[in-house]
Amino acid sequence: MTSLTVSAAGQKSAEVTDWAARVGWLVGLALFIALVYWLMREGWKWRGTLQGDLPEPLDAPDDRGPAKLSMSGRYHGSTTAGQWLDRIVAHGLGTRSRVELTLTEAGLDVVRPGATDFFVPRDALREARLDKGIAGKVLTEGGLLVVTWALGDKLIDSGFRSDRAAEHNEWVETLNSMINKTEGAR
């Protein structure tokens with residue numbers, strides 16, 4: 001019995017944690033995450049530089065007239081028309097945000113708290129439709145109001161989602177009716 005007691009007393013338990021190795025791995029992981037974030041940010045800035053030829057979107061005129069429709073919801077971004085993954089980031093058009101849309105005879109007023117507001121004049125509006133996705137945001141079929149408009153010589157699709165999705169059909173009908181009247185007058 002004494003030999004069993006001596007051998008048990010002579011054993012030492014293994015080190016539970018190698019703190020130096022653990023801290024080294026955590027620092028390495030944090031640096032890797034920081035590098036990936038920095039590369040993503042530089043890619044976003046580079047895309048904005050490549051799109052630098054886009055003119056600045058207009059500000060809303062003082063006299064817009066009475067509101068035909070208004071909607072609150074989310075702005076999901078803008079893309080090159082017909083290319084739902086080619087996000088436009090120049091002039092803050094790629095920044096997702098809350099949105100207050102107002103349609104008047106003058107055009108479409110896009111007010112975005114925390115992001116750059118812009119105005120789409122009536123003669124720049126080209127089409128409105130319901131779609132299911134835009135630049136990294138995919139919803140159910142018809143869950144997104146997409147407005148096609150001209151910014152300079154480039155056509156842009158901007159995606160909006162109302163807090164009350166039932167409003168989308170009325171927006172599509174009213175916008176397309178307004179666009180057809182404008183094209184008929186040209």
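Q: What makes 34% of the 186 residues of the protein count as buried?
A: In this predicted model, the cut-off is under 20% relative accessible area. Of the 186 residues, 34% count as buried, so they fall under that mark.

Q: Why is D109 called buried?
A: Its relative accessibility is 9%. You'll find D109 in strand β4.

Q: What does D109 touch, leaving out residues up to four places away in sequence?
A: Look for A60, R64, E100, L101, T102, F118 and F119. These count as contacts because heavy atoms come within 4.5 Å.

Q: What makes a set of residues here a nonpolar core, and how many residues does the largest one have?
A: The members have to be buried residues of the nonpolar kinds, such as Leu, Val, Phe and Trp, joined through side-chain atoms within 4.5 Å. The largest such core has 28 residues, and those with the most contacts inside it are L101, L108, L125, V147, W149, F160 and W171. Elements giving it two or more residues include β1 (67-80), β9 (144-151) and β10 (154-162). Helix α3 hands over the largest share, 5 residues.

Q: Why might nonpolar side chains end up together like this?
A: In soluble globular proteins, they tend to be buried together.

Q: Which residues is F160 in contact with, leaving aside neighbours within four places in sequence?
A: That list is M71, R74, Y75, V99, L101, V110, L144, L145, V147 and H168.

Conventions
Residues are numbered from 1 along each chain as its sequence is written. This is a predicted model: local features need pLDDT of at least 70, side-chain atom pairs count only at pLDDT 80 or more; totals for chains, interfaces and linings use all residues. Side-chain values use heavy atoms; hydrogens and water are left out. Buried means under 20% relative accessible area, exposed over 50%, partly exposed in between (1.4 Å probe, protein chains only). Helices (H or I, at least four residues) and strands (E, at least two) are DSSP runs, numbered from the N terminus.
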